[in-house]
Amino acid sequence: MQFEVWAPQAQDRVVLRLADDDVPMERNSERDGWWTAQAPAADGSRYGYALDGGPVLPDPRSRRQPDGPDGTSAVVDQGTFHWRAPWEGRALPGAVLYELHVGTFTREGTFDAAAAHLGELVELGITHVELMPVCPFPGVHGWGYEGVSLWAVHEPYGGPEGLKRFVDAAHGLGLGVVLDVVHNHLGPAGNYLPRFGPYFTDTHHTPWGAAVNLDAPGSDEVRAYLLGSALAWLRDYRLDGLRLDAVHALADNRALTFLEELSTAVDGLAADLGRPLFLIAESDQGDPRTTTPRAQGGIGLHAQWNDDFHHALHTSLTGESQGYYADFAREPVAALAKTLTHVFFHDGTYSSFRGRTHGRAVNRKKTPGQRFLGYAQTHDQIGNRALGDRLSATLSPGLLACAAALVLTGPHTPMLFMGEEWGASTPWQFFTDHPDPVLAEAVRNGRRREFAAHGWAEEDIPDPQDPATRERSCLDRTEKTKEPHARLLSWHRELIALRHSLPDLSDPDLAAVKVAYDEDARWLACRRGDLRIVVNLSREPAHIPLGAGGRVLASWLPVEPPDEEGVLRLPPESCAILAEGWNGTA
């Protein structure tokens, strides 16, 4: 078997430790910084590399870390897995996504345990599962964003075989699978990449320290490392797409950016495999060029999260106005109307949170709405709150129903966070499992200091290292048969079924979306073709001038069609979807 490693940091020698044998490696004369060796090995063989007489380190391109990030690597033969489900792929247009954290979706916290519940997502109407990161990280439980070994799979979840079984099960049910990958930083423990080469650079600094090296000397190989990892997930695990974490934190000043190079490579792989593949960015730049095709001068990613829609919806529902919610909270219903029709709230407008003008306008006539993901809750927007509280902790079932209506009928690609469909009462808190006591204490104290600055008492902040914090964050499926959870679940199913069956709800034409609203009365009506989606966020009944005609397709509370004067009387904290026969303009 051919072993090779990029290790320009090695001065004199690199040794392959294969089981108990040491095999000297030779410099590759045709590839600067690369070392190679031939040795007999098979699936499961343990190995690592020692540079200049130093300790044995895991392979930067390790496919498996059986003992975690600090252990030796294991060979993975990708050809041994027997795929059962034939799969031609599932494209992003028309999708309804479901963000899922393997470690808390079930109390077992494994791929196999999660796969046992995939049928429930099919019944809900989900088309794609978006897995949070699964690269190895210290300990057993964590969010996954402190991962290292970017080609490997967290062993406590089930390792490479477990991920393949999960994807195969999902595909067998018709579900696509998207994986969240992190290219902007690595975790603070188990990261041995700097010992091999210039994977990081002090040319730029990020919230995590030195930046991943995308444009300094040596960056060609670093890019190849990240590109190879991304393509391996899509090819070897038959994934349908990748979500790219915080692409705004990728410091990259080269003419051909890493993201453009990645989108080109993924499109090429899709052509080679004969099935659709896509990339979804998380970006706070408010820049439509992120998802503009490369042929039109853009980066060419296929979609991006739209936090502006979330912030507008959140402030409309909760009245919160702290931090980045401030600008949205001034006129929250107007902000919501703008994000439904123009995507970005900050599209060249002043952001008080940033202290500067922010964003760029989306060309509504040329840009399909499906390029932007809309959501009421995500792992970030729940877990980065002090107590990890969901909307269900403070909102009525009626307002949760309104949130669902706006997310699942909007012109964007909708996404739910696990448990949202039944208004789960369990929080989703920040938790870690660092074996290093010094690092564990630093994380614990850092979390407490962060929220103490916002007025929280330290003792009220959940301890990330306490196993109970993770346990509290696990879903409780016994709720699904109890009220109001059962009704909320039924409502989500009904809305998703409407989205799949009514072409107007999947129409990507942003220019065709019309919105009327009353800021003081707190109602909003969204026009999508022959349909009207109407929400009343007030505690008082709303009289909404929709125009005469129309019939009620679905409603949270019993609602009569508009009267002869064209007025719809909508109960407090409720919503409805109506169709056909309009004589009005709302």
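Ala, Val, Leu, Ile, Met, Phe, Trp, Tyr, Cys and Pro count here as nonpolar, Asp, Glu, Lys and Arg as charged, and the others, Gly among them, as polar. The model is predicted, so that local features need pLDDT of at least 70 and side-chain atom pairs pLDDT 80 or more, while totals for chains, interfaces and linings use all residues. Residues are numbered from 1 along each chain as its sequence is written, and side-chain values use heavy atoms, with hydrogens and water left out.

**View 1. Lining of the second largest pocket.** A pocket is an open set of points on a 1 Å grid over the protein atoms alone, where a 1.4 Å probe fits, with protein on both sides within 12 Å along at least five of seven lines, and lining residues have an atom within 4 Å of a point. The lining of this pocket holds eight nonpolar, ten polar and four charged residues; among its 22 residues, Asp252, Thr257, Leu259, Gln285 and Ile299 lie nearest the centre. Helix α7 (258-273) and strand β12 (200-206) each supply at least two lining residues, and the largest share, three residues, comes from α7.

**View 2. The open sheet.** Five strands follow the order β21-β22-β23-β27-β25 with antiparallel pairing, where strands (E, at least two residues) and helices (H or I, at least four) are DSSP runs numbered from the N terminus, and two strands pair if DSSP finds at least two bridges between them. The edge strands, each pairing on one side only, are β21 (514-518) and β25 (551-555).

**View 3. The pairing of β25 with β27.** Four bridges join β25 to the antiparallel strand β27 (residues 574-579), and arginine 551 stands opposite alanine 579 in β27.
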